[in-house]
Amino acid sequence: MLVLVGIVGMLIFFTLISKALSGKRRLSMIGLELSVMILLISDRLAYIYRGDTSALGYWMVRISNFLVFSLSLVTLWTFSLYLKDLYLNEGGMKEVPKLLGSIFILTAIGHLLIIISQFTGLYYTFDDQNRYQRSPGMILCYSIPLIVMILLMITIIKYRRRLKRIVVIPLFLFTIVPFIASILQIFFYGVSLTNISMVGMVVILYVFSFLDMNNTVRHASQLEIDLLKKERQNMRLLFEQTTEALANAIDAKDKYTHGHSRRVAEYSREIARRAGLKEEEVDQVYFAAMLHDVGKIGVPDSIITKNGKLTDKEYAAIKTHPVIGKQILSSISRSPYLSIGAHYHHERYDGKGYPENLLGEDIPWIARIIAVADAYDAMTSKRSYRDTVPQHKVREELVKGSGTQFDPVYAHIMLSMLDADPDYHMKEQEKFSALAGRSSLTCEKFRERISEGIWLAQDQVPVHIRFTSRAINDEPYIHSIPTLIIFDSLDARVHEEENVRQDLIYTEYATMRLDGTVETVSARKIKTEFKDDRTPGLHDLTVKNREGIDYDIYGVRVRDHLFIRIKTEFRTMETTIALEDSIRYSYIAITGENCVISNVNIQNDEAPVSDDSITRIAEEISFIDEPAGDIPNVQIDGWRSHSSVAVPVEGEMRLTFHSKSLPTSRLVWHCPYVNLFYSDNGQTDGEGFVDYSVVRLDGEDWDSNDYADNENSVTKSDDFGNWDKWKERNRAGLDWNVTVKRDGNAVTVSSENAGISVRFTSVIKHDPPNVFLALTGDQVAITNIHITKIS
């Protein structure tokens, strides 16, 4: 019994210092353990002083026996308190079970009877030798604890499903084992079976409670780990999407480099993987390759898109893009490998590269890998002046460049990749890169696989898409049809997850099954007509579909309308779609159900269609339907997509106008700009156009160029607040007062609005006959334009 007392004392200590249990639960557990410990000590003292006729023995026997009977009830009472806390907190009960309330009453009655027994001998008496003797009322003494245990047992059984199994098991044991011990105690006098069993049950209750707490903590830790993993995955996804969007923006500068960055990244990742690099290093080279050409943002479009041979000056400008790329990416301090790839990917292994003429392994390994992948994609992609280089010629160039232009280790890996590709899939696939370079798309479940978006640009240039679709698994025609998805997204891809759709501002306009079923999603209106319909019966159509049906799709966009014509050998389907506005982009993605789409060919016409080539089915949404000022109002849907009527800059003049960012605006630079230029007819689309500067009224710099030295001074007042407030003001609408002053070849543009003061000076390097000014911008409507000559 002394050993048991020591064990319970240790439990009290550990429960006291534990932070895992709730406050009330810990107190009830300590009360339970304390009552059992005192019960054991009292039981031990009762046996020690039994038969001791001294004064001390007289009082110790009576006090210890009183405590034994009393603390047995106290133990059950504190156990009831423990149960109460469990049901209210973990069991989710709003009220205490009624049976527990009756237990509190019974234990109070039991205590009252024990006190009465001290004076009446109801439960026990003491003989002349100071020895404990049971009285006839002892049965009543055992009945009350037994009734309490039965009520506790009924309560635990009734509400067992409200608690976890690991919690319920010790609760059952706490009632059953002492209950059996109490019955045996009636027949085995002199052995403290009930008290010892209670100690055992308290120990078990403690152990199971902490097992439950450990499980709870472990589960919470796992949830936190899972949450961190998910957050990391989301951050990686966001990083991938941002990187890809930026790479797409770079590649979009030249129609012949579409998908170049992605392909170089894929090739670089495979080279790194085959070289045995760590997974983290493989990821690093992939992302660095995605952004290796980011410096081309700083190279004029006229040089990048030039068809003929570059002049020495133009080639020198191209050679600056690695340094510009480093400057752009070096600010991303947590990913220094990004700037390394951009800066050194044009270095040569023999030291004859640029920009720093590094030699051999002095070139960072990331750049050596990207150099091989970049050169391979350049040879295996179509250019304005040549088609894709034949595979055997590519191999010869890699062999010749090994050890001179390329690191021989990585060149050898690229050669092994090429040799493993006898069908020459590893090349540009006519802009259809839905399956990493393959020119076919196998669709089993609807929307399970979807191509990348094919852009229907706002420049009104038609797109021709041709492909063959063949049914798989002998499916009937109605269950094996290609589908077009008409949509807009920042990364030109279809997305299904709602959170990704929100992040990438995804809008789905319509879906078009190529059997003629059109579903409107967010388009304002859709009209479909069928011509030359010679569609055979379903059986013949199914047979033909298993052999393969050729589709010829023509798509074009004019302002806020799309026209899509789908021709087969059986009929022609013409669909006109009225979009939500003329601002958002529009893409066509190809998918289907139970079909294989192959022989994909995508081409753009050379010339745009006229404004009236699409018959309107809905009114045009305009944000400039209000009275004009001195010149017509202008709505700019995209970056400098439209400009106002231009006016010559003479002396000092003042421009006043009202601007309002369009509903789709979300960026700081969605605001008005002032364009200074020259052209033969004085308009922005005229012959001999020369761009001197674009003064962005958000204060962003416009670099100097071959035609003008530009200097910008921007200050922000307390009224500015922050950029979110700036965007809100632009969406609400602003009245502008812009001063333009020409002094010889120097033109100064001054503006102050919404807390931003701009003073921009452009010094023109030659002597133009005139300098013209036009208002433009990005996603903004400009109205009520007035021009006042000051001097």
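A polar contact is a pair of N or O atoms within 3.5 Å; within protein, one atom must be able to donate a hydrogen and the other to accept it, and residues adjacent in sequence count only if both atoms are side-chain atoms. By this criterion, the side chains of Glu-270 and Arg-273 are joined by a polar contact of 2.5 Å. The model is predicted, so that local features need pLDDT of at least 70 and side-chain atom pairs count only at pLDDT 80 or more, whereas totals for chains, interfaces and linings use all residues. Residues are numbered from 1 along each chain as its sequence is written, and side-chain values use heavy atoms, with hydrogens and water left out.

The overall form of the protein chain was examined next. Its secondary structure comes to 19 helices and 25 strands, where helices (H or I, at least four residues) and strands (E, at least two) are DSSP runs numbered from the N terminus. The radius of gyration, taken over C-alpha atoms, is 42 Å, while a compact globule of 791 residues would have a value near 28 Å; the globule rule is 2.2 Å times the number of residues to the power 0.38. Along the principal axes, the C-alpha atoms fill a box of roughly 135 × 75 × 65 Å. Of the 791 residues, 47% are buried, a class defined by under 20% relative accessible area, with exposed meaning over 50% and partly exposed in between (1.4 Å probe, protein chains only). The chain exposes about 38,600 Å², of which carbon and sulfur atoms supply 54%; accessible areas come from the Shrake-Rupley method with a 1.4 Å probe, and for residues only the protein chains shown count as cover. Among contacts (heavy atoms within 4.5 Å) between residues at least 6 apart in sequence, 71% join residues at least 24 apart.

In soluble globular proteins, nonpolar side chains tend to be buried together. A nonpolar core is here a set of buried Ala, Val, Leu, Ile, Met, Phe, Trp, Tyr and Cys residues joined through side-chain atoms within 4.5 Å. The largest such core has 52 residues, and the members touching the most others are Phe-79, Leu-83, Tyr-87, Tyr-123, Met-138, Leu-152 and Leu-171. Two or more residues are given to this core by each of helices H1 (2-17), H2 (23-48), H3 (55-90), H4 (98-120), H5 (138-158), H6 (165-187) and H7 (193-251). Apart from this core lies another, of 42 residues, including Leu-655, Val-674, Tyr-678 and Val-740.

The structure holds zero disulfides, a disulfide being a pair of cysteine sulfur atoms within 2.5 Å. For Cys-443, the closest cysteine sulfur is that of Cys-595, at 4.8 Å, and therefore too far for a bond. Both cysteines are buried: Cys-443 has a relative accessible area of 0%, and Cys-595 likewise has 0%.

Asp-581 is found in the loop between strand S12 (572-578) and strand S13 (587-592) and is buried, at 9% relative accessible area. A polar atom of the Asp-581 side chain lies 2.9 Å from the backbone nitrogen of Ile-583. Beyond its neighbours within four places in sequence, Asp-581 is in contact with Arg-557, Asp-560 and Thr-664. Arg-729, in helix H19 (residues 723-732), is also buried, with a relative accessible area of 18%. With neighbours within four places again set aside, the contacts of Arg-729 are Asp-719, Leu-734, Ala-754 and Gly-755. Glu-270 belongs to helix H8 (residues 260-274) and is partly exposed, at 22% relative accessibility. Glu-270 and Ala-373 are 103 residues apart in sequence, and their C-alpha atoms are 9.6 Å apart in space.

Backbone geometry was also considered. A cis peptide bond, with omega of about 15°, joins Tyr-354 and Pro-355; Pro-355 is found in the loop between helix H13 (336-344) and helix H14 (365-379). Asn-130, although not a glycine, has a positive phi of about 60°. Asn-130 is found in the loop between strand S1 (124-126) and strand S2 (132-134), and at 4% relative accessibility counts as buried. Asn-784, which is not a glycine either, has a positive phi of about 55°. Asn-784 is found in strand S25 (residues 780-789) and is partly exposed, with a relative accessible area of 35%.
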